[in-house]
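Try each one yourself before you read the worked solution.

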Amino acid sequence: MENKIIQIDSKIKNYIKYCFLAAFFIILYLVFFHEKTVKNSLIDYEMYAKVTNIYRDKNEHNFLFVRYSNGSVELLEYPYKIGDSISKKKGDSIEYIFRNDTILKNNLIQQARKNKLVN
């Protein structure tokens with residue numbers, strides 16, 4: 001009987017040890033690869049659309065959302081205005097915003113640094 005208790009106790013200790021090891025490696029991965037993942041997500045898409053609507057979503061804590069002419073909807077992270085045309089090439093970190101007769105440049109990596117998402 002005592003031998004079974006010792007076996008169960010050692011199995012529990014091994015399980016806890018492996019859980020901590022797994023958590024350690026997950027945290028290690030996130031620390032080293034988070035910045036690379038964020039940068040890749042900022043430059044790894046293409047966008048050619050016009051801002052058609054900016055609205056507050058009551059179901060999402062009244063956050064501001066932007067709707068584009070291509071049908072996509074995103075959380076408003078940059079102060080777009082209705083009628084802005086957005087142009088971004090895949091692999092480029094700069095988003096060009098055409099507003100009236102001006103072209104505004106939005107460097108996504110600089111914005112991420114400002115918001116402390118990357119170093």
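The exercises go from the sheet to a surface patch and then to aromatic rings.

A quick note before you start: this is a predicted model, where local features need pLDDT of at least 70 and side-chain atom pairs count only at pLDDT 80 or more, while totals for chains, interfaces and linings use all residues. Residues are numbered from 1 along each chain as its sequence is written, and side-chain values use heavy atoms, with hydrogens and water left out.

**Exercise 1. Work out the strand order of the open sheet and say which strands stand at the edges.**

Step 1: Two strands pair if DSSP finds at least two bridges between them.

Step 2: Read across the 6 strands, and you get β3-β2-β1-β4-β5-β6, with antiparallel pairing.

Step 3: The edges are β3 (73-75) and β6 (102-107); each has a single partner strand, so one side of each is left without a neighbour in the sheet.

Step 4: β3 and β2 (residues 63-68) pair in the antiparallel sense over 3 bridges, and F65 stands opposite L75 in β3.

**Exercise 2. Find the nonpolar surface patch and check how exposed L28 is.**

Step 1: Set the rule: patch residues have over 30% relative accessible area and no salt bridge, with nonpolar side chains (Val, Leu, Ile, Met, Phe, Trp, Tyr) joined within 5 Å and like charges within 9 Å. A salt bridge is a side-chain nitrogen of Lys or Arg within 4 Å of a carboxyl oxygen of Asp or Glu. Areas come from the Shrake-Rupley method with a 1.4 Å probe, and for residues only the protein chains shown count as cover.

Step 2: The patch covers about 1300 Å², and its members include Y18, L21, F24, F25 and L28.

Step 3: L28 lies in helix α1 (residues 2-43). With a relative accessible area of 34%, L28 is partly exposed (buried is under 20%, exposed over 50%, partly exposed in between).

**Exercise 3. Classify the ring pair Y68 and Y80, and decide whether each residue is buried or exposed.**

Step 1: Rings of Phe, Tyr and Trp (its six-membered ring) pair if their centres lie within 6.5 Å; planes under 30 degrees apart are stacked, over 60 edge-to-face, the rest tilted. The count comes to 4 aromatic pairs.

Step 2: For Y68 and Y80, the centres are 6.3 Å apart and the planes at 75°, so this pair is edge-to-face.

Step 3: The pair links distant parts of the chain, 12 residues apart: Y68 sits in strand β2, Y80 in the loop between β3 and β4 (85-88).

Step 4: Y68 is buried at 3% relative accessible area, and Y80 is buried at 10%.

How values were computed: Helices (H or I, at least four residues) and strands (E, at least two) are DSSP runs, numbered from the N terminus. Buried means under 20% relative accessible area, exposed over 50%, partly exposed in between (1.4 Å probe, protein chains only).
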